[in-house]
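Here's a walk through one protein model, from the overall picture down to single residues. Have the structure open while you read.

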Amino acid sequence: MNSTLSRKIQKVLDIKLDSEDLSNALEELSTFYTSNSIGARRNLRNEIEKRYLDINIQFLDQFDQLNKNINELVLDFEGIKNSCVDICEHLNSTNRVSSELLKNAHELSCDLKEIKEKENTLQQFFKKFKLTQQEEQSLVKKEIDLSFYQTLDRLSEIQNECKKNLLSNQYQKPTYEILEIITKHQDNAYRRLYQWTKEEIKQLLIIEIPILDNFNNSNNNQIIDQQQKVMMLPIALSALQNKPLLFKHCLDEISECRTKTISNGFITALSFGGPNGIPRPIEINAHDPQRYLGDMLAWIHQCLASEYELISTILSKVTIKLNENNNNNNNDDNIENNNNNNNNNNNNNNNNNNNNNNNNNNNNNNNNNNNNNNNNEELNLIEPIIKVINNSFECINRPLSIRIDQILQSKPGVIVTYKMISLLDFYSRMANLITKGSGGGGGICRVSTIFGSIKSNCLSVFFTQIKDNFDRLERSPTVPSPQDLLPTNDIKDSINKLSELISTFNSSLIPLDEREKEYTPVFSSFIQKIINLTTLSATSSKLPLISMAVFMINCLSSIKSVLENYTSFTASNLELLTCQIEAHMDTLVEEQTSELLQQMAIGPKLTILQYSDNKSPLSQIIAMDRLSIVQSIRQFDNCLEQSFGTLLMPNCEKLSDTTLRSFSKKSVSNLISVAYSSLYSAIHDTFNQYDEPSSIFQYKPDQIKTMLDF
């Protein structure tokens, strides 16, 4: 086979009928190859080549247009390139010119930044160390208002900043100059503020009760202005506390004004009373000591409350405490010295650093010494409010003491004197409550001290009255009546006084935990004197021992009945009285039992039984034979049967206390029962050799006990 043909055949066989290229070629062929004729097949190749040629011609035409566009683009690019070259040359030229300008601008910018920093530094410096024009004007203008105090605070801030700079050794010379100027401003401001405060105190606090409430709801311009001044006083005094000496002078001025007001008010209340005689003068009740003293103390108490409210308002912004003993302060005494020192420092600026270092070391040593002294002075610190109150109310001491001395010289009774003591104690505690209860616990209230001193004088008079009263009673003691053996009239009167005194004591303001401490020194001696008077009356009566015991029990039980109502603080006296009553009860029971046993005929037998030596039988002892025993027992039984088991105990019946009376009767019955039982046992003892001892006794001890208990 021809190799060419075989290759063609092989080529046809190798064609993949499912290939995409073949599919696309046949699809394109179908667009122009419409009839499958012989001529069409013969011309197919030519047709395809012709179409291929047309496509190439079209492609060439498109590339000619593209080439033309590219040439135009190349020409445009060359133009842009030439323009860029021109711009670069121009920029290089401009850069050479502007680099010098930029360098100068940068240098100017750095200089401007440095100038602004210096300007800010100066502004901060002036803000920290210099007063503004408005602040300087506020220090010298006529009226003192809030801006004045704000400027005063600003001066203190500047002064503190200057001190910090001096400690850090920075800017010594300007700091000293600023400090000198600020110190002058500050001294002038404080002097002006002190003078203003002093004048306002004299004008506002000389009236009787300048309480702020008096100015409320008022449309009067003068009163409103006065109210504003009163409201400014606390701020002024708060500012002046930085100058302790000036502050102390202001407090003294307040105390002086209020002293005059309180003194005049007290004398007016005593002699003239209120407006139009209402309320009436206090001295109109001078005939009634208790009412007289109560009215005076009530006026002082009311005045103290008003004064404390006033002074608390005025000193509401004060935070320091004062030394109660030290009246001088050196901080303000050296103002001129400080100015002189500042001038000297300005003249010696070259040596400031060394001098300041030495001064700082010396100051540190002085501060250490001052700290030790301050620790000791803290013990004597007092609140300014309390100091002013104490100084203001010192004026009431003399007129009050004189009038109370006049009352005591009129020799009021013991009850009246003690009620005066109770009133003084009550108002003394109330005065402490006003000062300490309102937050003023930084010192002792002088009003309370005055009341306490007068109370001590009254207590001395009270004890003297008690002593004189009982000395008089003991010189001629009254004798108790043998019929009832009740307390005598003098003793009853003393017990009634004791009851009234304790009732007065119980109604006082003394705290529960302090009552026993306050009660003991006053009442223990009084109770003991009543007991002594009772004992003296009993011994002077020359009554039998049993009657004396009944009388003592009645008196002691009367005292005890008074104290039993106040067991919270009378426990010690109740214990003492209980012991004494028990001792006298033992005497009464023993004597009453002995008397009854004698009446019932077994008393002598029991005496012989008690003192027998147990060496010989009782039946062989005189008066202890069988016949004597039988007779005594029969008499005992008869007495018991006649009284139906209830023995007559006349002395026990005279006891006024029903509980003690019942107890004494029961004790006597028990002793009789015990005595009968002991005799019964002795007779039945074989050692005593009694014949048929059972026939001697009609009743057994248990039966006797039952009869007596019944």
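## Salt bridges, one by one

Let's start with a single side chain: Glu 114, at 40% relative accessibility, counts as partly exposed, a class that sits between buried (under 20% relative accessible area) and exposed (over 50%), using a 1.4 Å probe and protein chains only. Before going on, a word on the source: this is a predicted model, where local features need pLDDT of at least 70 and side-chain atom pairs count only at pLDDT 80 or more, while totals for chains, interfaces and linings use all residues. Residues are numbered from 1 along each chain as its sequence is written, and side-chain values use heavy atoms, with hydrogens and water left out.

Glu 114 pairs up with Lys 118 in a salt bridge, meaning a side-chain nitrogen of Lys or Arg within 4 Å of a carboxyl oxygen of Asp or Glu. Both residues belong to helix α4 (residues 44-129), four residues apart, or about one turn of the helix. Helices here are DSSP runs of H or I with at least four residues, strands are runs of E with at least two, and both are numbered from the N terminus.

Arg 258 is in helix α9 and Glu 307 in helix α10 (residues 289-314), so the pair ties together parts that are 49 residues apart in sequence.

| Salt bridge | N to O distance |
|---|---|
| Lys 118 and Glu 114 | 3.6 Å |
| Lys 467 and Asp 471 | 3.0 Å |

A search of the whole structure turns up 16 salt bridges. Some of them join up: Asp 425, Arg 429, Lys 455 and Glu 514 are linked in a network of salt bridges.

## Two helix pairs

Arg 258 shows up again where α9 meets α13. Helix α9 (residues 244-271) and helix α13 (residues 384-392) pack at about 40°, with their axes 8 Å apart. Those axes are lines fitted to C-alpha atoms, for helices over the stretch in contact, and the angles run from 0 to 180 degrees between N-to-C directions. That makes α9 oblique to α13; angles under 35 degrees count as roughly parallel, over 145 as roughly antiparallel, 65 to 115 as roughly perpendicular, and the rest as oblique.

The crossing of α9 past α13 is right-handed, which is the label when the near helix is turned clockwise from the far one by less than a right angle, with anticlockwise being left-handed. On the α9 side, the residues in contact (heavy atoms within 4.5 Å) include Phe 247, Leu 251 and Ile 254. They meet Pro 384, Val 388, Asn 391 and Ser 392 in α13. The residues of this contact divide into six nonpolar, four polar and one charged. Ala, Val, Leu, Ile, Met, Phe, Trp, Tyr, Cys and Pro count as nonpolar, Asp, Glu, Lys and Arg as charged, and the others, Gly among them, as polar.

## Loops worth a look

Most residues other than glycine have a negative phi. Lys 542, in the loop between α18 (512-540) and α19, has a positive phi, near 55°. Lys 542 counts as exposed, at 75% relative accessibility.

Glu 692 also has a positive phi, near 45°. Its loop runs between α24 (658-684) and α25 (701-709), and at 58% relative accessibility Glu 692 counts as exposed.

Leaving out residues up to four places away in sequence, Thr 488 touches Thr 478, Val 479, Pro 480 and Phe 551.

## The whole chain

Zooming out, the protein chain has 25 helices and two strands. Buried residues make up 37% of its 710 residues. Among contacts with a separation of 6 or more, 77% come from residues 24 or more positions apart.
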